[in-house]
Amino acid sequence: NNPDIDNQLFKKYNNPTTIDSVDGTHVAGIIGAEFDNNYGMSGVATSVEMYGYSILTKVGTTAERAQCFKTIIETEQAKVVNISYGYDTGTIFSASNGDSIAIKSIEKDNDAVCNILKNLILKGNDFLIIQSAGNGNDKEFVKNPSSSGFSYVEYDKSKLEHQGLVKYRGGTDAQYNFWTTYISDEMIANRILVVGAVRYELKNGKMTFPVTEFSNLGSRVDVYAPGYDILSTVPTNRKNGGFQLLSGTSMATPYITGLAALIWQANPELSSTQVRKIIMDSQGYPVLDPSGN
């Protein structure tokens, strides 16, 4: 609960009574926190209905979990789907470095989700999926000391089996971040935008927007948005009076989701591919690479 989003018809699906993470509430505020209630902060979109779906608490196969698309898009007729989530960083790093088992696992998920999304499109549903690029680029990884699992895991200094191993860093490709980033089917890919994160800083007296050190990179990243020290809503019973600064591509993604909602509010007749093209073709601020160049 947070007064800044409670009036946005926030319908919840498959959500447990207690959620440890504040991320979903934070994302919701960036998309659509009320702008004219003399309270808190303002979301990007001024008038939205939001639906929260907790896929992680749904037990089952990827295809069964991905039925959330059918509920949100077909039943609720939602136009924009924000996904601020991804695989664990060890999976992404392994796939980015050619681990065939990791890649095949992602391909299997991709096939299941593609079938669901393609059926929704063929039945006449129009939608745009906004997906985070992931946050593994500044993390350290070691060769998996276990005989099972993918070839790399994220380095954990508290684990004795990680001590003394060679550490690797960087090279996490956004293509492998989640179900939707791996999709290459043109019909579906044209309805997906992958979002990386930039931060704001002054350089020689000028505004600059370098890519954050944590943002996954690669050709699959379509656009960048603010994702560093973003103030937004969290449950009021948690901390800081219901507002908190968080960083991540999870925070950058809802900026683009809110932007898509604004574009549709201005012209409801646009198709999802037209909205995607408008966002992709917009002339934003120059984005610098992670080193600031």
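Modeller: A pocket is an open set of points on a 1 Å grid over the protein atoms alone, where a 1.4 Å probe fits and protein lies on both sides within 12 Å along at least five of seven lines; its lining residues have an atom within 4 Å of a point. Its volume is the space filled by probe spheres set on the points, which are joined across faces, edges and corners. The model is predicted, so local features need pLDDT of at least 70 and side-chain atom pairs pLDDT 80 or more, while totals for chains, interfaces and linings use all residues. Residues are numbered from 1 along each chain as its sequence is written, and side-chain values use heavy atoms, without hydrogens or water.

Biologist: What volume does the second largest pocket have?
Modeller: Among the 17 residues lining this pocket, Tyr224, Ala225, Ile256, Gly284 and Tyr285 are the closest to its centre. The lining divides into 14 nonpolar, three polar and no charged residues, with Gly counted as polar and Tyr, Ala and Ile as nonpolar. The volume of the second largest pocket is about 490 Å³.

Biologist: Which element gives the most residues to that lining?
Modeller: Helices (H or I, at least four residues) and strands (E, at least two) are DSSP runs numbered from the N terminus. Two or more lining residues come from each of helix 7 (249-266), helix 8 (272-281) and strand 11 (223-226). With four residues, the most is given by strand 11.

Biologist: Is Thr172 buried or exposed?
Modeller: Thr172 sits in the loop between strand 7 (168-169) and helix 6 (186-189). Buried means under 20% relative accessible area and exposed over 50%, with partly exposed in between (1.4 Å probe, protein chains only). Because its relative accessibility is 2%, Thr172 counts as buried.

Biologist: With which side chain does the side chain of Thr172 make a polar contact of 2.6 Å?
Modeller: A polar contact is a pair of N or O atoms within 3.5 Å; within protein, one must be able to donate a hydrogen and the other to accept it, and residues adjacent in sequence count only if both atoms are side-chain atoms. A polar side-chain atom of Thr172 lies 3.1 Å from the backbone nitrogen of Asn137. The side-chain partner at 2.6 Å is Asn216.

Biologist: How far apart in space are Gln77 and Asn125, C-alpha to C-alpha?
Modeller: Gln77 lies in the loop between helix 3 (68-75) and strand 3 (80-83), and its side chain reaches the backbone oxygen of Glu74 at 2.8 Å. Its relative accessibility is 54%, so Gln77 counts as exposed. Gln77 and Asn125 are 48 residues apart in sequence, and in space their C-alpha distance is 7.9 Å.
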